[in-house]
Amino acid sequence: MDPVAVIQAEMAAAPDARTGTDALDQDTAAKAAACRPGAAGHPRCPIRSPEYYDLTGDGKADAVFGVDMVDGFLALRCYTLHNGVLTRILATITKPMSVQVAGGNLIVQEPTPSEGYEQRTVYTWDPQTRAMAIQSDDYRRATPPGHGGRRGSGSDGDEADTSWKRSR
């Protein structure tokens, strides 16, 4: 699967998309359109190289990649093969600090407009909709650098979790 061909096909199918998860800003779309086949991951091409993980639980690798937008956001995409057809199972726009896969879940961590807080969104496979769905959004205090991910200051050595969660 060539992510350049996939993104270029999506742009051709929805050339007037200006909002939503299909939309790429005009400058990013122009850069993506100029990418040559197989150029994903090269410095002049905003389309990232794919990484492969089993997101659907069928034991087969699904593709995860993104398009770096000129405003610093990332158009994040996930695809699976369903009956031999490449099928998009996630499309979102994010400004991630990290994107990880754990236990088949896609986890996106990004800053929030509130200073000192960060957001963690967990996407999981929903077999009924045949797409990745938001399992949860966590908003928590950002961990200061050098604190190894520990939060709070419990006097007995146990750390207090100061996060709060909004499930969807």
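This is a predicted model: local features need pLDDT of at least 70, side-chain atom pairs count only at pLDDT 80 or more; totals for chains, interfaces and linings use all residues.
Strands E1 to E4 form an open sheet in the order E1-E2-E3-E4, and their pairing is antiparallel. Strand E1 (51-53) and strand E4 (85-94) stand at the edges; each has a single partner strand, so one side of each is left without a neighbour in the sheet. On average, neighbouring strands of this sheet are turned by 25° against each other, direction ignored. Between strand E3 (residues 74-82) and E4, the antiparallel pairing extends over nine bridges. Within this pair, His82 stands opposite Val85 of E4.

Helix H1 (residues 3-13) lies across strand E2 (62-68), E3 and E4, and runs at about 105° to E3. At the start of H1, the backbone nitrogen of Val4 has a side-chain oxygen of Asp2 within 3.1 Å. The buried residues of H1 are Pro3, Val4, Val6, Ile7 and Met11. These residues are on the same side of H1, because they cover an arc of only 165° around the axis. Helix H2 (26-33), E2, E3 and E4 are included in what covers the buried residues of H1. On the face of H1 turned away from its buried side, Ala12 and Ala13 are exposed.

The largest nonpolar core has 16 residues, of which Val4, Ile7, Leu24, Cys45, Ile47, Phe65 and Val67 touch the most other members. Two or more residues of this core are given by each of H1, E2 and E3. The largest share, four residues, comes from H1. One of the core residues named above, Ile47, has contacts beyond its neighbours within four places in sequence, with Pro3, Val4, Ile7, Ala32, Cys35, Ala40, Gly41, Phe65, Gly66 and Val67. Another core, of 12 residues, lies apart from this one and has Cys78, Val108, Trp125 and Met132 among its members.

Strand E5 (residues 98-102) pairs with strand E6 (residues 105-111) in the antiparallel sense over five bridges. Ser98 has Gln109 in E6 as its bridge partner. The hairpin formed by E5 and E6 has two residues between the strands, and Gly103 in the turn has a positive phi of about 60°. E6 is joined in turn to strand E7 (residues 117-126) by six bridges, and the two run antiparallel. Here the bridge partner of Ile107 is Val122 in E7. Five residues lie between the strands in the hairpin of E6 and E7, where Gly116 takes a positive phi near 90°.

E7 is also joined to strand E8 (residues 131-141), by 10 bridges, and these strands run antiparallel. Tyr123 stands opposite Ile134 in E8. Four residues lie between E7 and E8 in their hairpin, and in the turn Arg130 has a positive phi of about 55°.

Notes: Residues are numbered from 1 along each chain as its sequence is written. Side-chain values use heavy atoms; hydrogens and water are left out. Two strands pair if DSSP finds at least two bridges between them. Axes are lines fitted to C-alpha atoms, for helices over the stretch in contact, and angles run from 0 to 180 degrees between N-to-C directions. Contact means heavy atoms within 4.5 Å. A nonpolar core is a set of buried Ala, Val, Leu, Ile, Met, Phe, Trp, Tyr and Cys residues joined through side-chain atoms within 4.5 Å. Buried means under 20% relative accessible area, exposed over 50%, partly exposed in between (1.4 Å probe, protein chains only). The arc is that of the directions from the helix axis to the C-beta atoms. A polar contact is a pair of N or O atoms within 3.5 Å; within protein, one must be able to donate a hydrogen and the other to accept it, and residues adjacent in sequence count only if both atoms are side-chain atoms.
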